[in-house]
Amino acid sequence: MNARHPTWQVLVAVAVLALAGCRSSSSHGGSTAVTPPIVRHLIYAAQDDGTVHVYDIDAGHRLVRTIGVFACCGDVRGAAAAVPTHRFYLMYNRDDEGHVASVDLLSGQVVWDKVMHTPGVDRGSVTPDGTTLYLPTGESDPSSPYELVIDALSGTVRGRIALPARSHDTVVSLDGSRVFVETKSPTATMYVASTATNKVVATITGYCCRGVLGPFSVNGRGTLMVNDVVGYSGFEVADLTTGRVIASVPVTGGSASPGHGIAFTPDERQVWVDDGGSPYVHVFDMTAMPPRQVALVRV
């Protein structure tokens, strides 16, 4: 991405923040009442100019805050948030250095900003308890066959997961027990590591085309995965219990280019896939197998 055009690259993490309720005295004696927590649904959108824009989902996506993280400009590669520790993590590359910045979302202050890997880093993921950050060494680095394991509170490197080079998109399972990693090495394989041992414990195989995978999404139970695949105009579905691809699903309409973005809806009844070559999103019904396209949304 071109750092001179910060709006071209936006990385998003979503967090729900609960603010503690206040106690108030009753007018009829010594009993007290506790007001319910205030729950806000917010989007944190990281920009190449070094800012994070905060939008209120429940108020028409109104901009409510802008947080300055680093001086303009950099190539933002990823973002992640941890609700228990109210930390936001921004991964960005600049001057052949891969940074991670940790931001306290309550104060809006940068807690630390460290160079974690040279020449860069990529899209990492944090464990649900906010203690561990898994950080790829980047698609442009053929000489680092591993993923970094970072203490998410201090920014200290704790270890490595041995992987093929060019580690890239990374997702930690909702239960915090596994971390899923895609690399840009042409292995036609996804890798699954245990967060207890930081070792690869399983693989997912059977992907098509040139064997280079793209963005992916995992369902909440950790049983199903959907993947963009370089060179394929659609997506592939993998059964995580068997470790095999079970369906190749083509897109129709739009430019039918290979996608570069995919996600389940919160109820997991649909998967939305971006169209890499035109302003459309393909919507698929996931209650059927193979999934079927039900809409084409222009964005």
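Analyst: Start with His61. This residue sits in the loop between strand S5 (51-56) and strand S6, and strand S6 covers 62-68. Strands here are DSSP runs of E, at least two residues long, numbered from the N terminus. The model is predicted: local features need pLDDT of at least 70, side-chain atom pairs count only at pLDDT 80 or more, and totals for chains, interfaces and linings use all residues. Residues are numbered from 1 along each chain as its sequence is written, and side-chain values use heavy atoms, with hydrogens and water left out.

Now the backbone of His61. Its phi is positive, about 60 degrees, although His61 is not a glycine. How accessible is His61? Its relative accessible area is 45%, so His61 is partly exposed. That term covers the range between buried (under 20% relative accessible area) and exposed (over 50%), with a 1.4 Å probe and protein chains only.

Cys209 also has a positive phi without being a glycine, near 65 degrees. Look for Cys209 in the loop between strand S18 (199-205) and strand S19 (213-218). Cys209 has 44% relative accessibility, so this residue counts as partly exposed.

Next come the cis peptide bonds. One runs from Cys72 to Cys73, with omega near 5 degrees. Cys73 belongs to the loop between strand S6 (62-68) and strand S7 (75-82). Another cis bond links Met289 to Pro290, and its omega is near 5 degrees. Pro290 is in the loop that joins strand S25 (280-285) and strand S26 (292-298).

Note on methods. Helix = DSSP H or I, 4+ residues; strand = E, 2+ residues; numbered from the N terminus.
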